[in-house]
Amino acid sequence: MATFHFDLVSPEKLLFSGDVTQVDVPGQEGDFGVFAGHAPFVAMMKPGVLTVYGDGTRQRIVVQGGFAEVGPTGLTVLADDATPVEEIDSATLTQAIKDAEEDVSDAADPASLDTAKTRLEHLKTLKSALGH
Amino acid sequence: MASLKDMRNRIASTKATQKITKAMQMVAASKLRRAQVAVEASRPYAEHMGKVLSNIAASVAGSPEAPKLLAGTGADQVHLLVVCTAERGLCGPFNSAIARLARERAHALMQQGKTVKFFCIGRKGYDQLKRQYESQIVETIELRAVRQLRFEHADVAARRILAMFEAGEFDVATLFFSRFRSVIAQIPTAQQIVPAVFETTGEAATAPYEYEPEEATILADLLPRNVAVQVFRALLENAASEQGARMTAMDNATRNAGEMIKKQTLTYNRTRQAMITKELIEIISGAEAL
């Protein structure tokens, strides 16, 4: 199967770089899969699970938002924070949900309230998806 | 003239100082390695961010609804100088070089009749600037307790800058930090962060991208993030530069201490020899007089 180059970077480090066959990205307006030869595309991400398929392997990585860019050379995901599923613990998630809840109650204007609420929803979905 | 005991004490204290500077140099060297790794690790993110942003910015530029962070407020009356320095001294001209660059810029701006405000990240810069511009320093952040610099620290600073921008407290923000070139070369640099400027790559925006959600929404999210990324990069570059500067400074100090010890030992030995000779002469002449 055709492969393409995939980079996963957070502000602090490069987390993944290599050739893969498919990546499933949790887009803000719906999840989408990226294969080789995808059209140039920029999308925001919601907190969720990013799945990387390469050579018969499957790797799941939890991202806390950010954005994805499909360019002519491949896919680049700029994540706010990324942790492999195996390393994530429920305490971190619970904390993130608590922060999001505080954001909801602190939100000053309707727009930021909306953003905060959506984020909280995404985090809750993520938590139940991981079975914590 | 100092007694022999005084001279012995001085030599001992110079030796103790030399040990300290030597240790500091070695600590700085190992910290430098870590800081360099951190700088390199942060580069891909900043690069991709810049690329995506300039692509989007090119398509939005010129339109009246371009966000203020990109297009500016339409004025350049109030300037915010974000001065990033270290928390500690003993690193040669590192802190003063950054502060001097900021001071020069502030001076030039004020001569043009502009208002200048300071935002200090790091205590040393604040100490140096408050002598002259105390009333103009609007905010300071100390990173004293920070062991490993993380993105959150930059984010805190960026949030405050953005809050000030939204409140209309400044029109243009410039970041002052020291770019890490090598262990012996750190270059004090000024970089404008608000409104955002991009290094034009020369070639026009290549592929026509699809955006989801639409460009304006992405831009509204990316631009504030870009400020945080730029601050983060500045802090990382600074951290590496600081250790590099300290290494060089402490290397010099160790060498100077070595020279001093040599000179002091020579004087000490001479004085000791002179005293022995004097005593001998006294004994001999005393014996002759008998």
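1. Chain B of this predicted model holds an open sheet of five strands in the order S3-S2-S1-S4-S5, with mixed pairing; strands are DSSP runs of E of at least two residues, numbered from the N terminus, and two strands pair if DSSP finds at least two bridges between them. Strand S3 (137-141) and strand S5 (186-194) of chain B stand at the edges with a single partner strand each, so one side of each has no neighbour in the sheet.

2. Within the sheet, S1 (residues 78-84) and S2 (residues 115-121) of chain B pair in the parallel sense over seven bridges. B:Cys84 stands opposite B:Ile121 in S2(B).

3. B:Val83 touches, among others, B:Ile98, B:Phe118, B:Ile121 and B:Phe176, not counting residues up to four places away in sequence; contact requires C-beta atoms, placed from the backbone, within 7 Å.

4. The contact between the chains takes 21 residues from chain B and 22 residues from chain A. On the side of chain B that touches chain A, the largest share, seven residues, comes from H1(B); helices are DSSP runs of H or I of at least four residues.

5. Strand S5 (residues 41-54) of chain A and S6(B) pair in the parallel sense over three bridges. A:Ala43 stands opposite B:Glu212 in S6(B).

6. On conventions, residues are numbered from 1 along each chain as its sequence is written, and chains are lettered from A and ligands numbered from 1 in the order in which they are written. Local features need pLDDT of at least 70, side-chain atom pairs count only at pLDDT 80 or more, and totals for chains, interfaces and linings use all residues.

Terms used:
Contact = placed C-beta atoms within 7 Å.
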